[in-house]
Amino acid sequence: MHAPHSEKSFDKTAAQDLDRGPGHIAPDCAGQNFYAVDRGLRDLLQLYLEPDDFRRLEPHFDRLGVLAGGRLDELARAADKHPPVLNARDRFGRDEDWIDYHASYREMEKIAFGDFQFHAMSHRAGTLGMDRPLPAVAKYALQYLFVQAEFGLMCPISVTDTSIHLVRKFASAELKDYLLPKMLSDDVATLWKGTQFMTERAGGSDVGAIETTARCEDGAWRLYGDKWFCSHADADVALLLARPEGAPGGTKGLALFALPRRLKDGRRNAYRIVRLKDKLGTRSMASGEIVLEGAVAYLVGDADRGFKQMMEQVNLSRLSHGVRASAMMRRCLNEAFVCARTRVAFGKTIIEYPLLRRQLLKIAVPTEQSLSMFLFTASAMDRANAGSREAESLLRILTPLLKFRACRDNIPVATGAMEVRGGNGYIEEWVQARLVRDAHIGVLWEGTSNINALDIVTRAVGKSRAHRTLEAYLKKLLDEATLIPESFRDRLRLALDRTLVFAERVAAEQHLEASARQAASGLYHVASAILMAWEAAQPGADARRALYARFVLEHRLSAQDPLEPRHGDWEREAAEIIFSERQAAIAEIAGLLES
Ligand SMILES: Cc1cc2nc3c(=O)[nH]c(=O)nc-3n(C[C@H](O)[C@H](O)[C@H](O)COP(=O)(O)OP(=O)(O)OC[C@H]3O[C@@H](n4cnc5c(N)ncnc54)[C@H](O)[C@@H]3O)c2cc1C
């Protein structure tokens with residue numbers, strides 16, 4: 001591995017340009033290159049991408065890193081302050097609803113859909129100069145960089161990408177011919193963006209309670225009903241679930257439809273956006289309520305497999321949500337570091353105080369865990385797409401694990417970063433306030449924490465037995481990581497064995513259902529700790545990742561006495577190395593894994 005960016009690129013931030021001292025407000029990350037400053041990402045991309053792909057794509061990671069710390073960040077700030085506005089009717093009284101967006105949002109769309117073509121990069125050649133679709137690792141790394149500046153727009157970007165996936169995989173040849181050229185276009189002006197409407201008043205978690213009906217009238221499907229949460233409400237085509245008349249109740253009777261906003265003759269389809277939600281976060285993006293009044297829709301795939309087909313989109317979105325949470329945590333961490341290194345209190349920069357350091361570690365460790373987990377998950381997706389059954393099984397369990405835990409961790413991380421900035425962190429002109437607001441949606445959409453935890457325990461573990469594939473893979477990584485002291489690897493092996501036994505018990509014994517989140521957390525923590533230890537042992541890698549692994553082992557996978565001090569000497573030394581702003585060699589930190 002090499003370090004393509006000198007440490008100078010990190011030094012040259014607004015943070016270092018400002019005076020340090022009492023009376024000076026700590027700067028923020030404005031002007032940073034979010035790729036260049038992210039040592040972990042740069043190392044891991046070289047591990048998880050083919051060398052040739054890395055070489056070809058690195059200029060784009062770098063370019064997006066500059067944009068995310070610069071222009072995109074400015075645009076995101078403006079778009080958050082000027083949320084979309086719904087116009088329910090035109091001036092002639094027609095129900096021709098439309099949504100006005102601020103110019104900043106439109107400019108971000110051009111960057112996302114025009115310049116980077118996020119929506120198409122997994123589906124066709126020709127994006128970012130590639131002669132084939134991008135690997136999942138690269139796509140999600142780009143999402144991660146983008147979201148460090150703008151979170152709201154990633155919903156329309158991702159849901160367009162995932163809608164294309166469903167159409168490509170399940171639609172008839174005729175429907176593909178109709179939709180795909182529009183959905184894969186690189187022309188922002190004519191592109192058909194996608195979305196997904198499932199949730200109704202009767203149920204978000206309980207999808208089987210959906211009441212929208214589909215009637216076959218004059219040879220066409222028409223939809224009647226109400227969708228209660230519709231993000232990217234004015235998308236050009238929505239994939240949604242509805243129950244064909246006469247179909248059985250529950251999820252079995254649901255069919256998947258593609259609902260175009262405009263009909264083939266250009267008229268508005270028969271549904272209305274009746275209201276936009278006044279949301280806590282994701283304010284730049286329009287989420288609304290939709291009433292379907294006989295709207296024309298196209299059946300996608302088999303009528304009795306709608307829910308199963310839709311779950312593919314849900315799982316792709318879950319992975320993206322984990323990535324988005326990871327991205328927001330990284331932004332929190334970068335902001336917290338800049339602040340902690342420059343803010344002076346009681347005559348010292350605040351990073352010198354033990355309690356503040358502990359607070360920083362509580363931001364850094366989950367951030368690094370999520371980075372390893374999302375790249376590992378994305379690399380499993382790449383291998384699964386290439387036909388590996390083992391990788392498919394890994395993906396089955398890793399996806400909800402990432403969604404569940406990274407989205408939960410994002411909330412205390414965002415609050416922690418706000419606190420590091422002190423009172424200014426609560427003020428909307430700093431990014432921390434937005435990060436706190438945006439963090440919370442991750443535990444709601446595409447399945448709440450409970451729904452994801454139950455999916456992990458009852459289905460991925462109980463039914464699919466995917467935890468045993470994960471076990472085999474993680475043990476192989478531990479065996480390979482011979483540079484990591486044997487005693488530490490043994491502790492990780494033991495933690496893995498105990499976690500697996502616990503998860504199996506929870507899956508098998510119904511009375512333990514209330515422990516599903518505990519078991520899911522254990523699986524996430526042990527997997528991420530082993531990954532980070534393995535990554536640290538790779539040639540040229542930053543060995544500090546192994547120190548993060550030890551923090552996870554001690555604080556998330558080991559018993560704690562609440563009335564004993566929680567940190568030993570190793571923690572002070574480890575923090576020193578972690579905060580040193582330089583890469584560590586494995587020999588330098590090995591002793592800290594054993595003490
Ligand atoms: C801003 C925003 C945008 C959204 N965008 C979209 C969108 O574009 N498309 C879309 O389809 N949906 C969207 N949603 C909806 C979202 O996916 C749902 O809100 C979510 O799935 C939860 O469903 P619900 O609101 O009906 O809550 P409920 O399902 O009623 O859940 C309420 C509580 O009960 C818990 N619960 C439910 N069942 C169980 C169980 N078996 N065991 C334990 N606990 C349980 C849940 O965890 C939750 O805490 C959006 C939501 C928001 C807030």
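**From one residue to the whole chain**

Tutor: Leu45 touches Tyr35, Phe54, Phe61, Val137, Ala141 and Leu375, leaving aside residues up to four places away in sequence. A contact means heavy atoms within 4.5 Å.

Student: How are residues numbered, and what kind of model is this?

Tutor: Numbering runs from 1 along each chain as its sequence is written, and side-chain values use heavy atoms, with hydrogens and water left out. The model is predicted: local features need pLDDT of at least 70 and side-chain atom pairs count only at pLDDT 80 or more, while totals for chains, interfaces and linings use all residues.

Student: Which residues have the most contacts inside the largest nonpolar core?

Tutor: Leu45, Phe61, Phe118 and Phe146, in a core of 178 residues. Such a core is a set of buried Ala, Val, Leu, Ile, Met, Phe, Trp, Tyr and Cys residues joined through side-chain atoms within 4.5 Å. Buried means under 20% relative accessible area, with a 1.4 Å probe and protein chains only.

Student: Which helix gives the most to this core?

Tutor: Helix α12, residues 389-420, with 16 residues. Helices here are DSSP runs (H or I) of at least four residues, numbered from the N terminus.

Student: What about a second core?

Tutor: A separate one has 25 residues, including Tyr178, Ile210, Val237 and Leu254.

Student: New topic. How much of the chain is buried?

Tutor: Buried residues are 60% of the 595.

Student: And what does the chain span?

Tutor: Along its principal axes, the C-alpha trace spans about 75 × 55 × 50 Å.

Note on methods. Buried < 20%, exposed > 50% of the residue type's maximum accessible area, 1.4 Å probe, protein only. Helix = DSSP H or I, 4+ residues; strand = E, 2+ residues; numbered from the N terminus.
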